[in-house]
Amino acid sequence: MTIQHNTGTLPSQEKHLVLLRDGRTLIGFLRSIDQFANLVFHQTVERIHVGKKFGDIPRGIFIVRGENVVLLGEIDMDKPCDTVLQQVSIEEILEEQRLQQQAKQETEKAKVTALKDRGLSIPKADNLDEY
């Protein structure tokens, strides 16, 4: 994305956020977009949220295929943030994410077991075509 100025064309200096289909959130400077919504970011970070904490993992130049884009928006850096989130280290947020995923898996396993005990079953996502 470029901005027209009297002196010529300069790259956009606004940060953008993109939400991907797999749930990841990327923040960086949008450098290019095409008719298929393919995106090129630079100085990109992957932001991971767990509860009221977040961490940023530096990713550098990042190319996103358009079919994976769910949401793209400009970040207003001048607007004060009204959410209370605590930034933590990469190691800490990755550990929090691992614990959250582990708890989610245990909950799902307990749910499947409870349904099985009642004679019910949930079709798995990869078997949905059979129904």
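Here are some questions and answers about this predicted model.

User: Which elements does the protein contain, and in what order do they run from the N terminus?
Analyst: Let's start with the overall count: the secondary structure comes to one helix and eight strands. Reading from the N terminus on, the elements run β-β-β-β-β-β-β-β-α.

User: In E7, which residue is the bridge partner of Leu19?
Analyst: Strands E3 and E7 pair in the antiparallel sense, over five bridges. In E7, the partner of Leu19 is Leu71.

User: In the hairpin of E3 and E4, which residue takes a positive phi?
Analyst: E3 (residues 15-20) and E4 (residues 25-33) run antiparallel and are joined by five bridges. Four residues lie between the two strands of the hairpin, and the positive phi, near 95°, belongs to Gly23.

User: And which residue has a positive phi in the turn between E4 and E5?
Analyst: E4 and E5 (residues 39-50) also run antiparallel, with seven bridges joining them. Ile27 stands opposite Val45 in E5. The hairpin has five residues between its strands, and the turn residue with a positive phi of about 65° is Ala37.

User: Why does the end-to-end distance of helix H1 agree with its number of residues?
Analyst: H1 covers residues 90-117, which is 28 residues. At 1.5 Å a residue, the helix should therefore span 40 Å. This agrees with the distance between its end C-alpha atoms, which is 41 Å.

User: What percentage of the residues in the protein are buried?
Analyst: A residue counts as buried when its relative accessible area is under 20%. The protein has 131 residues, and the buried share of them is 20%.

User: How much of the accessible surface belongs to carbon and sulfur atoms?
Analyst: The accessible surface of the protein comes to about 10,000 Å². Of that surface, the part belonging to carbon and sulfur atoms is 53%.

Technical notes. Residues are numbered from 1 along each chain as its sequence is written. This is a predicted model: local features need pLDDT of at least 70, side-chain atom pairs count only at pLDDT 80 or more; totals for chains, interfaces and linings use all residues. Side-chain values use heavy atoms; hydrogens and water are left out. The expected span of a helix is 1.5 Å times one less than its number of residues. Two strands pair if DSSP finds at least two bridges between them. Buried means under 20% relative accessible area, exposed over 50%, partly exposed in between (1.4 Å probe, protein chains only). Accessible areas come from the Shrake-Rupley method with a 1.4 Å probe; for residues, only the protein chains shown count as cover.
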